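Please read the following report alongside the sequence and the structure, and look up each residue as it is named.

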Amino acid sequence: MAETVITRFAPSPTGYLHIGGARTALFNWLYAKAKGGKMLLRIEDTDQARSTEGAILAILDGLRWLELHWDGEPVYQLSRAERHRQIAETLLAEGKAYRCYATPEELQAMRDRARAEGRAPGYDGTWRDRAHSEAPAGRAPAIRFKAPREGETVIEDRVQGRVVFANKDLDDLVLLRSDGSPTYMLSVVVDDHDMGITHVIRGDDHLTNAARQTQIFKALGWETPVYAHVPLIHGPDGAKLSKRHGALGVEAYREMGYLPAALRNYLVRLGWSHGDAEIISTEEMIAWFDLDAIGRSAARFDFAKLENLNGHYLRAMSDPEIVGHLKALVPDLPDGGALAERIGPDGWHKLERAMPGLKERAKTLVELLDNAAFLFAKRPLQLDESATKLLDSAGRETLADMLPKLAAVEPWTAEVLEACVRGFAEETGRKLGKVAQPVRAALTGQSTSPGIFDVLEVLGRDEALGRISDQISPVS
């Protein structure tokens, strides 16, 4: 019987869930789902000086928003420190670790010597084979792993292939600090073993860590998980991803108006592919995902591609579903309180009625809200520069001539309104654009908007006629 695949996402809560971490979580989640397994969540909060409760909440919220639901309760690494210490003591008792009494000054001197001699800085093994009787009185020791000095440590990586490390280049790492606190390297190994992790999928900046952790696994007689080290995400210019490229927290993408399904689709294509497929549903991702299709070269983040993809998802989504996303988003926007007040309890229905025209023109939820601002604007409308040009004397004259025609329309529907405006244009010898554009400017304060007949219908008779009247004889 094949073993159950168990992956883990193990962020350090020293900041937000950044976009690279979100992709790592997605890959772990997809692989577990594809193999009928589980993805566990481990919060690696052993760095007490930098870990914050706010960062933990941001990570959990980010994963939930992306709809990457982990199995079971989150494991908090700090709460398992006693277990980690027990394992260090076991290695010590078995002669696979030793007490190191080197001072910070001595360690710095070792690093300085190594650099001066052109070697990689590392611990030189001073206390590796010294007798316990030589221990300085009153000095608390660290416990170091007695790493093999001969031979090689080999990682058969599912993404990187066979990676070989010369053991002479891997020094004796610290397992327990002199204050008794476990280090990252020890904690990760113990937790991966105890949680039954079968596959470790993470960034390739952890590749050297995999060699060190493999040595600890072997020293403990534990089975090493399968490793898959994924290339990092770079910016469009090929440089390491920075904030100017898009290295932002997941919550920032939410506040910019991206949809979780679109962001998942975009992230899965950063380093993984399935033929020429670009638009990939979550069900297809799960059916197709495997580690062998992850590339070895760094993926490049491209905001324009993400926007276009998000626009596709927006257009494909039902109008009520979009309104649901907007209702959830608005309270978290910088001006969300004021915006919610302008929309009011009845405005959501108006917004949903206008959605067919709005979603065709927007790539993000925020852009859609910006384009919909005219629906909730107070009279008299503030005109932008292009609308002001349209409402010159000729434009206002067109509005004045047409207003009685519009006032007589019955019923107030887009179809009847379109017939009215087209008929007016024909009767007066005006081109349709010369009629519709001043109407658009009067109704929206802008020169662009959804279809003008839909706008007239959604605004309603009283509001639409009032806005047109305001512009015929504008107050100076």
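Helices (H or I, at least four residues) and strands (E, at least two) are DSSP runs, numbered from the N terminus. This is a predicted model, in which local features need pLDDT of at least 70 and side-chain atom pairs count only at pLDDT 80 or more, while totals for chains, interfaces and linings use all residues. Residues are numbered from 1 along each chain as its sequence is written, and side-chain values use heavy atoms, with hydrogens and water left out.

**Backbone features**

Glu 67 lies in the loop between helix 2 (53-65) and strand 3 (75-76), and its phi is near 65°, a positive value in a residue other than glycine. Most residues other than glycine have a negative phi, and most peptide bonds are trans.

**Buried and exposed residues**

Buried means under 20% relative accessible area, exposed means over 50%, and partly exposed lies in between (1.4 Å probe, protein chains only). Glu 67, at 37% relative accessibility, therefore counts as partly exposed. Helix 8 (residues 260-268) is mostly covered, since eight of its nine residues are buried; among them are Pro 260, Arg 264 and Tyr 266.

Gln 471, whose place is in helix 19 (residues 461-472), is buried, with a relative accessible area of 6%. If its neighbours within four places in sequence are left aside, Gln 471 is in contact (heavy atoms within 4.5 Å) with Leu 381, Leu 383, Leu 391, Arg 396, Leu 399 and Ala 442.

Glu 152, in strand 6 (residues 152-157), is exposed, with a relative accessible area of 55%. Although Glu 152 and Ala 166 are 14 residues apart in sequence, they are 4.6 Å apart in space, C-alpha to C-alpha. Leaving aside its neighbours within four places in sequence, Glu 152 is also in contact with Val 164, Phe 165 and Asn 167.

Asp 370 lies in helix 13 (residues 365-371) and is partly exposed, with a relative accessible area of 49%.
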